[in-house]
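Trainee: Please take me through this model, and let me ask as we go.

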Amino acid sequence: MKPIDPRLLRYARATRFFLGAVVVLGLAGAGLVIAQAMLIAEVVVGAFQRGLDGSELRTPLMLLAAVAVGRALVAWLTELAAYRASAAVKSELRGRLLERAAELGPGWLTEQRAGALVALATRGVDALDDYFSRYLPQLGLAVVVPVAVLARIVTEDWISAAVIVVTLPLIPLFMILIGWATQARMDRQWRLLSRLSGHFLDVVAGLPTLKVFGRAKAQAESIRSITDEYRQATMRTLRIAFLSSFALELLATLSVALVAVGIGMRLVHGDLDLYTGLVILVLAPEAYLPLRQVGAQYHARPEGLSAAEEIFEVLETQPRGPAGDADAPAGPLRVEGVTVRHTGRTEASLESASLVVGEGETVAVVGPSGVGKSTLLNVLLGFTPVDEGRVLVGDGPQAVDLADVSMERWRERIAWVPQRPHLFAGTVAENVRLARPDADDAAVATALRDAGAYDFVTGLPQGAETRLGEDGAGLSAGQRQRLALARAFLADRPLLLLDEPTANLDGETEAGIVDAVRRLAAGRTVVLVVHRPALLAVADRVVELTRPCGAGVRDACPPGAEGSLALPPVGGGTAGAPVTTVASVASVEPVGAGGGPVVAEGAAGSGGRGVLGRVRKAAGELRGRLGLALGLGSLALGSAVGLMAVSGWLISRASEQPPVLYLMMAVTATRAFGIGRAVFRYTERLVSHDAVLRMLAGMRVAVYRRLERIAPAGLRETRRGDLLSRLVADVDALQDYWLRWLLPVGTAVVVSAGSVGFTAWLLPEAGAVLAPGCSSPLGVPWLSGVCARRAERQLAPARGALATRGRRPARAQWPN
């Protein structure tokens with residue numbers, strides 16, 4: 001896979017600006033690196049060989065301080081550009097993803113698992129954060145900085161430049177080889193995360209049912225099993241991904257050690273002066289550093305691009321059938337031999353269906369369950385394209401094929417009442433206004449009266465401003481149906497499509513819905529799917545969908561009645577409504593799942609210290625592993641400090657031209673520190689990630705068990721998207737607290753204390769200067785942690801809202 005997927009440049013324009021900014025800032029940073037190396041060499045040579053004091057070195061010292069500030073500023077600007085670009089790209093990709101999911105419609109959505117789509121729109125897009133903020137900036141620096149550094153070194157010492165030129169290409173070679181092995185495992189890990197998200201969503205949606213049948217507690221072990229599988233897959237991936245950074249660390253440090261030893265040997269023999277040696281020694285690590293950082297952040301590349309690959313797959317999925325742009329004329333609807341087939345099904349969902357619905361006519365569609373009635377409505381809604389036949393809108397020669405009509409303008413003429421209307425988490429008035437967002441309170445009240453919902457709405461605590469839970473939690477099925485009818489009344493559109501609006505209602509409620517439908521149908525063209533006889537009284541004509549003879553149906557048709565079935569008795573009110581029979585084949589109507597924030601027990605009203613205290617307490621038996629990770633990290637960082645210290649001593653002493661044997665211990669120490677640095681870092685990463693992933697697995701199970709205890713009453717006002725965000729994304733984000741904050745800070749404290757103590761033992765004055773310099777940066781992680789917690793308090797609800805929006809079916813995205 002390429003380091004940068006070119007589709008990112010096409011689908012996210014912010015990527016182009018960001019890459020340009022990285023190159024410019026990289027050039028500025030490379031210039032500052034070279035200036036810093038020259039100034040350090042000038043100061044050391046002036047003090048060590050010429051005996052100059054601080055006043056005589058004031059100018060280079062001040063310039064060195066300015067260069068250090070400049071490097072910090074460039075690093076900050078690079079990171080700022082990275083995060084801004086990441087936010088812009090994520091926003092653009094999320095918008096495109098949700099728009100394309102809506103365009104593909106329910107036919108495509110029913111083939112997807114809701115949790116997988118939500119994970120893609122939330123955690124998947126978020127995976128691009130590290131890709132943009134960590135990997136791509138380092139990739140840009142890896143292209144610019146080594147070239148600039150080598151150009152400076154070759155002017156001073158071509159032998160050292162040759163060593164770097166020979167060893168530098170080995171690093172990307174190892175990256176490519178290891179990357180091939182990593183990508184397949186990262187793809188599998190992403191599929192596991194999608195499976196994990198889908199399972200969580202299904203379990204949360206079905207908690208009431210699971211509790212009734214005594215299976216809710218058993219799901220905790222299922223979640224533990226899936227989470228553990230995800231942890232194992234992640235660790236298998238990380239062992240290879242971190243192997244890349246291990247190879248880079250090892251190659252880079254050994255190469256720097258080789259350059260340092262070569263400089264030292266030539267200094268001993270007088271072939272090189274100390275100033276040149278110091279410039280090369282300072283610049284050599286800078287040539288390898290960007291590539292080492294690429295390796296350290298390499299795991300962000302396959303994860304980010306694996307998620308991006310799935311996003312691009314959705315974006316490049318084209319809706320079935322051409323997109324028309326014609327206007328739909330007024331007039332009758334004519335369905336002519338329409339057949340619909342779905343992928344993976346041997347039989348057609350709707351076969352050879354034909355019917356005519358005159359303008360202003362109410363037609364009831366009846367037939368056995370699964371015969372294709374809902375598929376017929378989906379065709380009329382423009383959600384499902386036809387494989388054979390056509391739907392004509394209008395009369396005579398002015399009739400237009402529905403496939404040529406603009407779906408946006410077509411749906412502006414339709415009011416739709418589904419069998420299971422979707423109510424969003426919001427007020428009653430907001431749900432009714434979906435059809436007309438600009439409607440005033442009087443229009444909403446009129447629609448509620450027409451639908452027979454006014455009485456129960458005014459009886460709610462805040463009337464029409466009462467907030468509902470997701471899916472109308474807190475309302476009965478009949479009340480939800482009346483609100484859906486109120487939407488249709490408020491929309492006031494000429495074509496009305498209803499899919500069994502009285503399903504699962506009691507007799508009294510059903511009678512009220514029938515009266516509301518009769519009022520709603522007056523003066524409109526209506527297609528009404530009916531399973532129960534009461535609604536047939538509203539129809540002017542009844543059309544029956546049946547299975548055609550000879551289409552592989554088990555029951556044969558009676559002689560002389562090919563293509564027809566007798567209409568079952570439907571009770572009173574149907575006299576005078578003629579019956580037409582339309583052939584169709586059985587279809588299976590898929591049913592989707594639906595979803596809320598959970599506040600952890602004791603979290604409400606607690607400060608950040610209490611929350612972080614509980615996070616640390618969650619380590620439990622894993623404290624030993626985390627302590628081991630801290631020790632290994634300290635050894636890795638200590639080896640880096642030791643390598644630089646020994647290399648500096650080696651060159652300084654070599655400039656005095658002592659016997660070669662006097663330097664051999666330092667030569668051996670540089671190699672030992674170089675190898676130890678890579679080995680300790682690789683081991684520390686594996687140990688820390690394994691410990692944190694084990695901790696998160698237990699935390700997910702604990703969160704689910706809490707949900708299981710309080711469901712369903714305790715989740716009435718929560719959204720399933722919030723719950724999914726808490727269980728997957730938010731719990732996953734806790735690993736950053738350990739891996740990117742607590743353990744690095746602990747490592748910095750240990751190594752800083754050791755460095756200050758050792759320096760003070762050698763030279764107390766130097767230790768006194770070093771101590772405040774090492775302690776002051778420790779306040780930076782604390783400050784960043786405060787800012788991060790403040791941002792997270794805003795981001796967590798936003799992620800929940802995004803997850804909720806991402807899991808809405810396409811039908812719910814279009815006001816019905």
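Predicted model: local features only at pLDDT ≥ 70, side-chain atom pairs only at ≥ 80, totals over all residues.

Mentor: Residues are numbered from 1 along each chain as its sequence is written, and side-chain values use heavy atoms, with hydrogens and water left out.

Trainee: Are α2 and α5 parallel, perpendicular or oblique to each other?

Mentor: Helices (H or I, at least four residues) and strands (E, at least two) are DSSP runs, numbered from the N terminus. Axes are lines fitted to C-alpha atoms, for helices over the stretch in contact, with angles from 0 to 180 degrees between N-to-C directions. Helix α2 (residues 14-48) and helix α5 (residues 128-156) have axes that come within 8 Å and cross at roughly 45°. Under 35 degrees is roughly parallel, over 145 roughly antiparallel, 65 to 115 roughly perpendicular and the rest oblique, so α2 and α5 are oblique.

Trainee: How many nonpolar residues does the contact of α2 with α5 have?

Mentor: Contact means heavy atoms within 4.5 Å. The contact includes Phe-18, Leu-19 and Val-22 of α2 and Phe-132, Leu-136 and Pro-137 of α5. Ala, Val, Leu, Ile, Met, Phe, Trp, Tyr, Cys and Pro count as nonpolar, Asp, Glu, Lys and Arg as charged, and the others, Gly among them, as polar. By class there are three polar residues, one charged and, as asked, 17 nonpolar.

Trainee: At what angle do the axes of α5 and α6 cross?

Mentor: Leu-150, Ile-153, Val-154 and Glu-156 in α5 meet Trp-158, Ser-160, Ala-161, Ile-164 and Val-165 in α6. The axes of α5 and helix α6 (residues 158-167) come within 6 Å, and they cross at roughly 145°.

Trainee: Is the pair of Phe-246 and Tyr-682 stacked, edge-to-face or tilted?

Mentor: Rings of Phe, Tyr and Trp (its six-membered ring) pair if their centres lie within 6.5 Å; planes under 30 degrees apart are stacked, over 60 edge-to-face and the rest tilted. Phe-246 and Tyr-682 are 5.5 Å centre to centre, with 50° between the planes, and the pair is tilted.

Trainee: Is Trp-761 buried or exposed?

Mentor: Trp-761 and Phe-758 both lie in helix α22 (residues 720-762), three residues apart. Buried means under 20% relative accessible area, exposed over 50%, partly exposed in between (1.4 Å probe, protein chains only). The relative accessibility of Trp-761 is 65%, so Trp-761 counts as exposed.

Trainee: What covers the buried residues of α15?

Mentor: In helix α15 (residues 441-450), the buried residues are Ala-443, Val-444, Ala-445, Ala-447 and Leu-448. Their cover includes α14 (428-432), α16 (454-458) and α17 (477-491).

Trainee: Where is Asp-492?

Mentor: Asp-492 has a phi near 55°, a positive value in a residue other than glycine. Its relative accessible area is 52%, so Asp-492 is exposed. Its place is the loop between α17 and β9 (495-499).

Trainee: In which strand does Ser-352 lie?

Mentor: Ser-352 is not a glycine, yet has a positive phi of about 50°. At 40% relative accessibility, Ser-352 counts as partly exposed. Ser-352 lies in strand β2 (residues 350-357).

Trainee: Which residues does Asp-129 touch, not counting residues up to four places away in sequence?

Mentor: The place of Asp-129 is in helix α5. The C-alpha atoms of Asp-129 and Val-89, 40 residues apart along the chain, are separated by 9.4 Å. Beyond those sequence neighbours, Asp-129 touches Ser-86, Lys-90 and Arg-134.
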